[in-house]
Amino acid sequence: MTNPHGHDPSTSRFPEGFVWGAATSSYQIEGAVHADGRLPSIWDTFAHTPGRVHRNQTGDLADDHYHRYPEDVSLLADLGVTHYRFSLAWPRLQPEGYGPLNGAGLDFYSRLLDSLREHGITPWVTLYHWDLPQSLEDAGGWPRRETAEHFAAYAALVHQRLGDRVPHWTTLNEPWCSAFLGYAAGIHAPGRTDGAAAVRAAHHLLLGHGLAARALREQGAREIGVTLNLAPVEAAEPDRAADRDAARRADGLMNRIFLDPLLRGAYPADVVADLADVVDLGGAGLVHDGDLDVISTPLDFLGVNYYTRLVIRQGDDPKPGRPTPWVGAAGVETVGRGLPATAMGWEIAPDGLHRTLTRVWREYGPPPLYVTENGAAYDDEVTPDGRVHDEQRRAYLESHIAATHRALAEGVDVRGYFVWSLLDNFEWAYGYAKRFGLVHVDFETQRRTMKDSGRWFAEITRANAL
Ligand code: FCB
C-alpha cells in the first residue's frame with residue numbers, strides 16, 4: 001500500500017529524497033568570539049556573568065569550529081547526511097545588529113558553504129539561534145518592537161549575499177526558549193525575569209519572523225520556514241481538574257502561542273485571557289494592526305524540535321516571585337515521574353514525537369514538516385579501544401526515527417530528520433557538561449571521535465531505512 005506521499009508503510013524505508021541531517025548552532029560550536037570583527041552577543045555577556053552557566057563556562061572556544069570547519073564538514077560526509085542545519089551568528093555578520101554586513105563574517109560562511117558544496121551536502125541555514133547582538137539587547141532586546149525590524153533588515157542583507165547558495169532558510173530557532181527562558185525564567189540569556197517582557201518578546205520574535213519571511217520571499221528565496229520546540233502536554237493527574245487546566249495553560253504557552261498566529265493568524269483566545277493580567281496580547285498596544293497578517297505569511301516548511309513530553313501539575317503552593325517560564329500561570333509545574341530519562345533528566349518518550357507530528361498535521365494543516373532537532377545527552381567517554389560506545393543514544397535515536405516513520409505511514413507529510421547534534425558542544429546553561437553529539441569532542445584537545453551512534457546513523461542515512 002502506498003500513501004499519497006509515495007511512502008510504503010509496510011517497510012521501514014523512507015521515501016526517496018527524505019532529508020537526513022545533523023544540526024548545530026553558531027554560539028554552541030564556533031568559538032572565535034573576538035575574531036574578524038565579531039562583537040558580543042547576549043550569550044557572551046550571560047556566560048561571562050558569574051553564576052549563570054555551569055562552572056562559569058563560556059562559548060569563547062567551544063568546538064573551535066570557526067577554524068576547524070573543514071574537519072567538521074568531512075565528519076558530516078562520513079555520516080552520509082544529505083543536509084546540514086547550522087545557524088549564522090548575527091554578531092559576526094552584523095556586529096551591532098544594524099548597519100552594513102561585516103565582510104570577514106561573510107567570508108567565513110562562504111568558506112563553510114564552499115566546503116559543504118564540495119562534499120555534496122545541502123545547507124539548511126537558521127538566521128537566529130539565540131545570539132542577539134548585545135547592543136540590541138542594550139537598546140531593549142526582543143521586548144522592544146524595533147528589534148523585529150532590525151532582524152528583518154539583517155535577514156534581507158544576508159539573503160542578498162548568500163541566498164543563491166542556500167536553498168532552505170529558517171528564520172528563528174525555538175522562539176519559546178528565546179522569549180520564556182530568556183526573559184521570564186531567566187535561565188537563558190539575557191537572564192531577565194519579567195513575565196510581561198517575555199510575552200512582548202514572543203510577539204516581536206514572531207513579528208521578526210514574519211517580516212524576515214516576507215523580505216526573503218520578495219528576494220525569491222527558495223524555501224522559508226521557522227523551527228518551534230513542541231511537546232505534547234499531559235496532566236499529571238488527569239482526574240484532577242486543576243491539573244487539566246494547568247496542562248491546558250502550559251500547552252497554550254509552549255505550543256499554541258506560536259502555532260496559532262503562524263498557521264491561523266490569531267493568538268489563541270484562552271491564552272490571551274490567561275495573560276490578561278500580565279500583558280494585553282489582544283489589544284493594540286502590543287499587537288499592531290496587520291501584525292498577525294505578517295506573522296502568518298505562508299511558509300514552505302515548519303521545523304519541529306522534539307526532545308520529550310511534558311507532564312504538568314498545578315502546585316498547591318505557588319511561590320510568588322519565583323521565576324518561571326509559565327507566565328501568568330502561578331503554580332504550574334513540570335513533574336518528573338522517575339521514568340527512564342537522558343542525562344538532561346528528560347523522559348525518553350518517542351511516542352511524544354509521533355503525537356506531536358500527527359497533532360500539528362491534523363489540527364493545523366501546516367506546510368511540510370521536518371524534524372529539525374532530536375537527540376539525547378549521555379555521559380559519554382572515549383574507552384581504551386578509542387571508541388565511544390553510546391548504545392543508549394543509538395536506542396534513543398532509533399526509537400524516535402521509528403516514531404517519525406510511523407507518522408509518515410499515517411499520512412503526515414514529514415520530509416526530513418536532523419539529529420541534534422553533529423558535535424558535543426556548549427549546551428547553554430549546562431556549559432560542556434551535557435554531550436549531545438554523534439561525534440565526541442575532547443574539549444582539552446579539540447580531538448573529534450565518531451561515536452558508535454554516529455556509525456550507526458551513517459548506515460541509516462545510506463540505506464534510507466531503519
Ligand atoms: C534545543 C536547542 C539546541 C540544543 C538542544 C539540546 O532547545 O535548540 O540549541 O541546546 O535543545
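This is a predicted model: local features need pLDDT of at least 70, side-chain atom pairs count only at pLDDT 80 or more; totals for chains, interfaces and linings use all residues.
Five of the five residues of S1 are buried, so the strand is largely enclosed by the rest of the structure. The burial extends to both faces, with Val 19, Gly 21 and Ala 23 on one side and Trp 20 and Ala 22 on the other. S1 has pairing partners that include S11, with which it runs parallel over five bridges, and S2, with which it is joined in the parallel sense by three bridges. Within these pairings, Ala 22 has Val 419 of S11 as its bridge partner, while Gly 21 stands opposite His 83 in S2.

The buried residues of H14 are Arg 393, Arg 394, Tyr 396, Leu 397, His 400, Ile 401, Ala 403, Thr 404, His 405, Ala 407 and Leu 408. Just after H14, Gly 411 adopts a positive phi of about 100°.

A further pairing is found between strand S12 (residues 439-442) and strand S13 (residues 447-450), which run antiparallel and are joined by four bridges. His 440 stands opposite Thr 449 of S13 in this arrangement. The two strands, S12 and S13, form a hairpin with four residues between them, and in the turn Gln 446 has a positive phi of about 65°.

Two cavities of 30 Å³ or more are present in the structure. The largest cavity holds about 60 Å³ of space, and its lining is made up of Ile 42, Trp 43, Tyr 128, Trp 130, Trp 142, Cys 177, Ser 178, Tyr 183, His 188, Ala 189 and Pro 190. Helix H2 (42-47) and helix H8 (175-185) each supply at least two residues of this lining, and the largest share, three residues, comes from H8. By class, the lining of the largest cavity comprises nine nonpolar and two polar residues, with no charged residues.

The second largest cavity has a volume of about 40 Å³. Its lining consists of Thr 24, Ser 25, Ser 26, Ile 29, Glu 30, His 65, Tyr 84, Phe 86, Ser 87, Phe 108, Tyr 109 and Leu 112. The elements that give two or more residues to this lining are helix H1 (26-29), strand S2 (83-87) and helix H5 (103-118). In terms of class, six of the residues lining the second largest cavity are nonpolar, five are polar and one is charged.

Two cis peptide bonds are described here. The bond from Ala 189 to Pro 190 is cis, with omega near 5°, and Pro 190 is found in the loop between H8 and helix H9 (195-218). Both Ala 189 and Pro 190 belong to the lining of the largest cavity. A cis peptide bond also joins Trp 420 and Ser 421, with omega of about 15°; Ser 421 is placed in the loop between S11 and S12.

Asp 36, which is found in the loop between H1 and H2, has a phi near 50°. With a relative accessible area of 41%, Asp 36 is partly exposed. Arg 55, which lies in the loop between H2 and helix H3 (65-79), has a positive phi of about 55° although it is not a glycine. The relative accessible area of Arg 55 is 69%, and the residue is therefore classed as exposed.

Terms used:
Residues are numbered from 1 along each chain as its sequence is written. Side-chain values use heavy atoms; hydrogens and water are left out. Buried means under 20% relative accessible area, exposed over 50%, partly exposed in between (1.4 Å probe, protein chains only). On a 1 Å grid over the protein atoms alone, a cavity is a set of points where a 1.4 Å probe fits but cannot get out, and a pocket is an open set with protein on both sides within 12 Å along at least five of seven lines; lining residues have an atom within 4 Å of a point. Grid points are joined across faces, edges and corners, and a volume is the space filled by probe spheres set on the points. Ala, Val, Leu, Ile, Met, Phe, Trp, Tyr, Cys and Pro count as nonpolar, Asp, Glu, Lys and Arg as charged, and the others, Gly among them, as polar. Two strands pair if DSSP finds at least two bridges between them.
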